[in-house]
Amino acid sequence: MYHTRQQAAADTKAYRDGYPGKPDDPSQSQNVEFYKGQRRCRPDGLSIDEVLAWKGQYELLEYRPCYIQWLFPTREKGLNAHAQELQPHEAAEFAGSGELRAKVLQAYAMMLDFWGMRVDLETGAVGRAGHWRDRYQHLQQHRGNCLRITRVLKCLGEVGLERFKLPLLKHLLEELVVHGNLASVAKSLQKFWVGTLREPEHAAALQAHSQLLERRKKKRKRTAEPDATKPEEEALELDLFCCGCGRRTPVSKPAVLFTRAALAKHQRLCPQYKELHPPPLPLVSIPSDLQVEKPKAKPKS
């Protein structure tokens with residue numbers, strides 16, 4: 001489902017605020033009943049233990065999607081009309097029950113394995129699983145899993161497992177920035193996943209981690225040895241021109257065609273180019289209500 005950046009911001013803001021004005025319905029407890037083994041999910045008719053037994057069965061996890069709203073209930077409607085929205089009294093029961101939270105974490109570990117990752121359920125740390133290459137490729141090609149990750153993150157926060165979000169987002173950031181993997185999930189990370197963090201300290205930690213990774217990436221680029229197979233930087237490139245203003249030669253030297261370095265320098269200053277190619281938004285942009293105020297400097301005496 002496509003969302004503009006404004007729609008995504010409104011969606012995650014409502015989540016962080018606890019859906020103001022949305023009442024609790026004490027008569028609805030299907031999510032708790034499912035996790036306690038007292039109800040089967042619909043329409044598949046499976047118990048919680050039968051669904052959790054799907055770990056490693058990736059065809060089922062991808063192509064039988066009705067289970068996801070039962071495993072990770074949130075306070076929003078999903079595509080499965082048979083699944084009930086999570087009610088506040090249910091969320092409180094999950095948060096207060098170690099047994100129920102353990103089941104949710106078992107489901108979380110199963111989904112991370114499906115996406116090529118592993119989690120330490122003690123610390124929350126997330127890393128690559130042994131089969132990460134195949135599963136990352138699957139995640140790249142099946143974009144519906146981005147919606148599932150959004151649901152998982154929101155559910156973790158609702159049921160008292162907020163601390164597990166930050167390690168997952170740190171891992172995804174590192175894959176994107178450092179290793180260049182999972183490029184297709186970048187927009188979901190920008191628009192939705194960062195906004196699911198409810199603790200300002202976690203948001204600040206993620207932003208600091210992102211900045212650290214970007215600095216490391218730039219440092220590696222500067223220290224990398226030049227590729228001997230590429231032509232010299234000063235070699236003339238007859239096909240280079242600025243796609244903003246159409247200019248092929250620097251003003252001061254009309255007889256000299258652009259080199260790659262000269263073209264890049266020109267484009268940094270060309271207003272038409274900058275209008276066509278605005279700088280990319282940062283992967284981690286913290287919503288205003290999550291920003292931590294910096295302490296004011298004390299006046300010098």
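This briefing walks through salt bridges, helices, backbone features and a charged patch in one structure. The model is predicted. It holds 13 salt bridges.

**Salt bridge: Asp 11 and Lys 154**

- The side chains of Asp 11 and Lys 154 form a salt bridge, with 2.6 Å from N to O.
- This pair links distant parts of the chain, 143 residues apart.
- Asp 11 sits in helix H1 (residues 5–16), and Lys 154 sits in helix H9 (residues 144–158).
- Asp 11 is partly exposed, because its relative accessible area is 21%, and the buried class needs a value under 20%.
- Lys 154 has a relative accessible area of 3%, so Lys 154 is buried.
- A network of salt bridges links Asp 11, Glu 76 and Lys 154.

**Salt bridge: Glu 62 and Arg 148**

- Glu 62 and Arg 148 also meet through their side chains in a salt bridge, at 3.9 Å from N to O.
- Glu 62 belongs to helix H4 (residues 58–63) and Arg 148 to helix H9, so the pair ties together parts that are 86 residues apart in sequence.
- Glu 62 is buried, because its relative accessible area is 12%.
- Arg 148 counts as buried too, at 8% relative accessibility.

**Salt bridge: Arg 198 and Glu 158**

- The side chains of Arg 198 and Glu 158 make a salt bridge of 3.5 Å, N to O.
- Arg 198 lies in the loop between helix H11 (186–193) and H12, while Glu 158 lies in helix H9.
- The two residues are 40 residues apart, and their pair links distant parts of the chain.
- Arg 198 has a relative accessible area of 22%, so Arg 198 is partly exposed.
- Glu 158 counts as buried, with 13% relative accessibility.

**Helix H6 and its buried face**

- Which residues of helix H6 (residues 88–96) are buried? They are Glu 90, Ala 91 and Phe 94.
- Seen down the axis of H6, these buried residues fall within an arc of 100 degrees, so they line one face of the helix.
- Ala 92 and Gly 96 are exposed on the other side of H6.
- An α-helix has 3.6 residues a turn, so residues three or four places apart point the same way.

**Backbone features**

- Most residues other than glycine have a negative phi, and most peptide bonds are trans.
- Arg 42 and Pro 43 are joined by a cis peptide bond, with omega about 5 degrees.
- Pro 43 is in the loop between H2 and helix H3 (48–52).
- Tyr 19 is not a glycine, yet its phi is positive, near 55 degrees.
- Tyr 19 is placed in the loop between H1 and H2.
- With a relative accessible area of 8%, Tyr 19 is buried.
- Leu 182 also has a positive phi, near 60 degrees, in a residue other than glycine.
- Leu 182 is in the loop between helix H10 (165–177) and H11.
- Is Leu 182 buried or exposed? Leu 182 is buried, because its relative accessible area is 3%.

**Two pairs of residues along the chain**

- Tyr 35 is part of helix H2 (residues 30–35).
- Tyr 35 counts as buried, at 2% relative accessibility.
- Tyr 35 and Lys 103 are 68 residues apart along the chain, and 7.3 Å separates their C-alpha atoms.
- Leu 213 is placed in helix H12.
- Leu 213 is buried, because its relative accessible area is 1%.
- Leu 213 and Lys 170 are 43 residues apart along the chain, with their C-alpha atoms separated by 10.0 Å.

**A positive surface patch**

- Which residues form the positive surface patch? They are Arg 215, Arg 216, Lys 217 and Arg 220.
- Arg 215 is found in helix H12 (residues 200–223).
- Arg 215 counts as exposed, because its relative accessibility is 51%, and the exposed class needs a value over 50%.

Note on methods. Residues are numbered from 1 along each chain as its sequence is written. This is a predicted model: local features need pLDDT of at least 70, side-chain atom pairs count only at pLDDT 80 or more; totals for chains, interfaces and linings use all residues. Side-chain values use heavy atoms; hydrogens and water are left out. Patches are made of residues with over 30% relative accessible area and no salt bridge: like charges are joined within 9 Å, nonpolar side chains (Val, Leu, Ile, Met, Phe, Trp, Tyr) within 5 Å. Accessible areas come from the Shrake-Rupley method with a 1.4 Å probe; for residues, only the protein chains shown count as cover. A salt bridge is a side-chain nitrogen of Lys or Arg within 4 Å of a carboxyl oxygen of Asp or Glu. Lys and Arg count as positive and Asp and Glu as negative; His and the chain ends are not counted. The place of a charge is taken as NZ of Lys, CZ of Arg, CG of Asp or CD of Glu. Helices (H or I, at least four residues) and strands (E, at least two) are DSSP runs, numbered from the N terminus. Buried means under 20% relative accessible area, exposed over 50%, partly exposed in between (1.4 Å probe, protein chains only). The arc is that of the directions from the helix axis to the C-beta atoms.
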